[in-house]
Amino acid sequence: MILCVGSTGLLGRKVVKDLISRKFKVRCLLRNSSKTSILEKTGAEIIQTDFKNMELLDRAFKGVDTVISTFSTNIAKQPETKGLWSNDYQINFELIKKAKEHRVRKFVFTSYWGLAKFGAFEHGMIKKMIEDLLIISGLDYTVLRITSLATDMSLLLGSSLKKRGFAPIIMKKLERISPILLEDLSFCITDSIQNPKASKSIIEVAGKEEYTFLELQNLFSDAIGKNIHLIFVPLLIANIIAYIIDSLTVNKYNARGLVSAFTGGSTCDITTMNDIFRLDQGSFKAYLTDHYKNSNCTLG
Ligand SMILES: NC(=O)c1ccc[n+]([C@@H]2O[C@H](COP(=O)([O-])OP(=O)(O)OC[C@H]3O[C@@H](n4cnc5c(N)ncnc54)[C@H](OP(=O)(O)O)[C@@H]3O)[C@@H](O)[C@H]2O)c1
């Protein structure tokens, strides 16, 4: 039995679908407010909890061989840093503890690439702390450090570009990005359950195509079918704005940490990833073109 946490999310949904098609038995552990309808037709078992009811958590862990934690606070919707500790830290901590108690074999966790560059970015610090907990836990683990998801490019940045024709970003024109497709990342996650090369490993994952942000601007223009503009906000300006926000809100949102997370590009060497997961990755460019063709986009 595979216990999935975060399975109503973009990545989690795909992982559940792939696990079921690979004939794994899947149990999804959701918070009480999650929309179960997303998962109802998948055939996965669903348990809802506040993650504090230990009896229910013990029930959720019954017969579990592997835990897959792809859950994460959505910073765009819940930007206050204090929520990160009660969600991302506390829930993953509890999951690792329960996994040990129930002699779970494997724990798969999705983390961030570039933790070292984040400085004071608290979400990144928490991911690193969970990685460290897994390393000392004695559990078998696979941590996938994700650069950026193709869906985030199309759904977050892309939706703003589609609506307004422009979007401000903190990255520099020649910094590089290599977004990974959801299906490729889901393949790595499901494969790591039984892949000995992924055992006790922290693996950096990225897409096979690398673009500068200037090239990305052209990709979006071609895919949308109209010239769009990325507005490159200088780092100094971004840091000044972040400093003002942090000062006025007593660091409620850790805005300077966020700025540090969104600078410096987002790409990595995928030699190890390719060696571990024998995967023929899809093309981000083709994904983006398909995305706009299928979404019937019109610029206002
Ligand atoms: N997106 C990126 O570019 C990117 C980059 C690097 C790493 N990652 C990592 O990749 C993983 C998957 O990302 P994603 O894009 O699939 O995220 P997502 O779409 O925002 O999904 C987040 C999931 O976490 C659940 N969740 C949030 N807070 C929770 C809580 N307190 N208790 C229980 N469940 C909670 C959500 O449930 P509800 O349905 O109830 O909201 C949802 O299922 C995350 O670990 C993320 O940090 C993403």
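**Exercise 1.** Identify which helix gives the most to the shell around the ligand.

*Solution.* The helix is α1, which contributes three residues to this shell; helices (H or I, at least four residues) and strands (E, at least two) are DSSP runs numbered from the N terminus. The model is a predicted one, in which local features need pLDDT of at least 70 and side-chain atom pairs count only at pLDDT 80 or more, while totals for chains, interfaces and linings use all residues. Residues are numbered from 1 along each chain as its sequence is written. Next, α1 (10-21), α4 (81-101) and β5 (106-112) each supply at least two residues of the shell. Finally, among the 23 residues around the ligand, those that come nearest are T8, G9, L11, F71 and S72 (near: C-beta atom, placed from the backbone, within 6 Å).

**Exercise 2.** Determine which residues touch the most other members of the largest nonpolar core.

*Solution.* This core holds 66 residues, and L3, C4, V67, F107, L185 and V205 touch the most other members. A nonpolar core joins buried Ala, Val, Leu, Ile, Met, Phe, Trp, Tyr and Cys residues through C-beta atoms within 7 Å; buried means that 20 or more other C-beta atoms lie within 10 Å of the residue's own. To this core α4 gives the most, namely five residues. A second, separate core has eight residues, including I170, M171, A238 and L258.

**Exercise 3.** State which residues V67 touches, leaving out those up to four places away in sequence.

*Solution.* With that exclusion, V67 touches L3, L95, A99, V104 and F107 (contact: C-beta atoms, placed from the backbone, within 7 Å).

Key. A residue is buried if 20 or more other C-beta atoms lie within 10 Å of its own, exposed if 12 or fewer, and partly exposed in between; C-beta atoms are placed from the backbone. Two residues are in contact if their C-beta atoms, placed from the backbone, lie within 7 Å.
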